[in-house]
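Reader: I'm new to this one. Can you walk me through it?

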Amino acid sequence: MTNLKLDKQTIWLVGGVLALLVASSLIGRVLSLRVRDEKDRATVQNLNARIRAWWMMVAVFGLAMATGGIGSVVLFALTSLFALREFITLTPTRVGDHRTLFWVFFIILPLQYYLIAIKWYGLFSILIPVYAFLFIPIRSAVAGDCEHFLERTAKIQWGLMVCVYCISYVPALLSLEIPGYEGENGKLMFYFVLVAQISDVLQYVWGKTLGRHKIAPTVSPNKTWEGFIGGIACATAIGAALWWATPFTPLQSAGMSLVITLMGFGGGLVMSAIKRDRGVKDYGNMIEGHGGVMDRIDSLCFAAPVFFHFTRFFFT
Amino acid sequence: MKALLATIAKLITGASARWVGCVPDIQQRVYFANHTSNLDALVIWASLPPPLRALTRPVAARDYWIKGPVRRYLANQIFNAVLIERKKPTAHDNPLADMLAALGDRHSLIIFPEGGRQAGTEMAPFKGGLFHLAKDRPDVEFVPVLIENLNRILPKGEILPVPLLGGVSFGAPIKLESGEGKASFLTRAQTAVKALQK
């Protein structure tokens, strides 16, 4: 992995996020002291739990970046592992899929991240959509159980795509060779995660304060047009304002942020639809206040491959 | 070694223990659970706080666990299992006597009243040992435990686990009513386990 420069821009980025978190923690504290009725108390508690989880995520992320890239690859590999575990737990598979799943968890997942670490774009971009996609049904067919065969295969392939392939594109950002931006990809990765997650938070905040017209009430009762427009607009503005940390101009940065936030919204919506279908509210209980790893990264999954390929196409 | 195994089990299964009807206690108990996988006893045992683990022994079939040095090691050194004769019990060598002896005045047991690991999703009817234990030891708490998903993590017949999320839930203890018959008690016990499903 390239050595990621610790330059002034990185310090500003990280410092800015830390300042934001400190401010959020203070606001959360004040709110929890002043809240009166029960419903608001629950909301504030949820907010504070989210902020605590954010601190933890930032700490882990910072640590990963500080190890010059390889830490990030490991971090996202573990994230994929936990996300995939939640996803597969939720989808009905049969004993005939057991060996296939063993391949998926212990061979395909590590292989994908190994390829990311050695920056072999030609293979990491097709390992899962081509080779794993074809291998999975073959292995399950060999095991002999034909009941719901197509469904089981499709679900495992989907889980692998969303939880492993898509998420692996976040550390894959470190492998892009952008002229004039060598060794600075860490900031790009930080920018991506920041914009995607802040869009999530802002949509939630706008939705809670002004939300009235629901977008897809059968899928996600919390998503409103007010939340969507307010959150996306603010996050895009923030992303545009962070152009100096990226290889983009302010206008390009706004465009990229719009792409990230729209895909992030789409990802969140799709994962909600899946949860509804399976009849669960949260994917697990791994990170306090967030109800599962999958719930945290659903905005990253869909955005990561698109952002990677846009950047690759236009800037390398 | 035991602590390491418990930690590994919890990591692989992501197993979170839900104490729904009671809390961990030094009180003598018989934990009875549905049986789906060889991981069942390990995960229940690992869900107990360490001081209780030394006092809690899983009940296991001798015919299965004496085959081979690995199984014998696991059953004796690691779990301190109570090995019972389930195929051909006699007056001198029967499960009830072994279980009562193992309970003694301090220990707790983990038993699987279905008898063996179930392949399907339905619970098999509970065998009578649970009832006889309850009759002979009214001072012991009988705690229903629900095991979930461990059969997807390590299905019967497999050796390599797949790291999915499994769970174990501990319910409220049930008591044998005075004059209650075997069938009634066993039905109540099974209902208590099923009721723990979220």
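Author: What follows is a short chat about helices, cores and ring pairs in this predicted model.

Reader: Start with the cores. How many residues does the largest nonpolar core have?

Author: The largest nonpolar core has 114 residues. Those with the most contacts inside it are A:Tyr191, A:Phe192, A:Phe307, B:Ile44 and B:Phe170.

Reader: Take A:Phe307. What does A:Phe307 touch?

Author: Leaving out residues up to four places away in sequence, A:Phe307 touches A:Leu173, A:Leu188, A:Tyr191, A:Phe192, A:Phe248, A:Met256 and A:Ile260. There is also a second, separate core of 26 residues. That one includes B:Val30, B:Leu109, B:Met123 and B:Ala134.

Reader: And B:Ile44, where is that?

Author: B:Ile44 is in helix 2 of chain B, and it is buried.

Reader: How many residues of helix 2 of chain B are buried?

Author: Nine of the nine, so helix 2 (residues 39–47) of chain B is largely enclosed by the rest of the structure. Among the buried residues are B:Asp40, B:Trp45 and B:Ser47.

Reader: Over to chain A. At what angle do helix 8 and helix 9 of chain A cross?

Author: Roughly 145°, with the axes coming within 7 Å. Helix 8 covers residues 185–210 and helix 9 covers residues 225–241. The crossing is right-handed.

Reader: Which residues meet there?

Author: From helix 8 of chain A, they include A:Tyr191, A:Ile198, A:Leu202 and A:Trp206. From helix 9 of chain A, they include A:Phe228, A:Ile232, A:Ala235 and A:Ile238. By class, this contact of helix 8 with helix 9 has 11 nonpolar, seven polar and one charged residues.

Reader: Is A:Thr236 buried or exposed?

Author: A:Thr236, found in helix 9 of chain A, is buried because its relative accessible area of 11% falls under 20%. A:Thr236 touches A:Ala254, A:Ser257, A:Leu258 and A:Thr261, not counting residues up to four places away in sequence.

Reader: Now helix 7 and helix 11 of chain A. Is the crossing left-handed or right-handed?

Author: Left-handed. The axes of helix 7 (residues 149–172) and helix 11 of chain A come within 7 Å and cross at roughly 65°. Among the residues that meet are A:Trp158 and A:Tyr169 in helix 7, and A:Phe302 and A:Phe308 in helix 11. The contact of helix 7 with helix 11 has 15 nonpolar, one polar and no charged residues.

Reader: New topic. How many aromatic pairs are there over all chains?

Author: The structure holds 24. One of them is A:Phe310 with A:Phe314, which is edge-to-face: 6.1 Å centre to centre, 70° between the planes. These two residues are four apart in helix 11 (residues 293–315) of chain A, so about one helical turn separates them. A:Phe310 is partly exposed at 33% relative accessible area, while A:Phe314 is exposed at 55%.

Reader: What about B:Phe32 and B:Phe126? How are their rings placed?

Author: Their centres are 6.2 Å apart and their planes at 85°, so the pair is edge-to-face.

Reader: What does that pair tie together?

Author: B:Phe32 lies in strand 2 (residues 29–33) of chain B, and B:Phe126 in the loop between strand 5 (108–111) and helix 7 (129–136) of chain B, so the pair ties together parts 94 residues apart in sequence. B:Phe32 is buried, with a relative accessible area of 0%. B:Phe126 counts as buried too, at 8%.

Reader: Which residues do ring pairs link into a cluster?

Author: A:Tyr121, A:Phe124, A:Tyr165, A:Tyr169 and A:Phe308.

Conventions: Residues numbered from 1 in each chain as written. Chains lettered and ligands numbered in written order. Predicted model: local features only at pLDDT ≥ 70, side-chain atom pairs only at ≥ 80, totals over all residues. Heavy atoms only, no water. Buried < 20%, exposed > 50% of the residue type's maximum accessible area, 1.4 Å probe, protein only. Axes fitted to C-alpha atoms, helices over the stretch in contact; angles between N-to-C directions. Left-handed = near helix turned anticlockwise from the far one by under 90°. Contact = heavy atoms within 4.5 Å. Nonpolar A, V, L, I, M, F, W, Y, C, P; charged D, E, K, R; others polar. Core = buried A, V, L, I, M, F, W, Y, C linked by side-chain atoms within 4.5 Å. Phe/Tyr/Trp six-rings, centres within 6.5 Å; stacked < 30°, edge-to-face > 60°.
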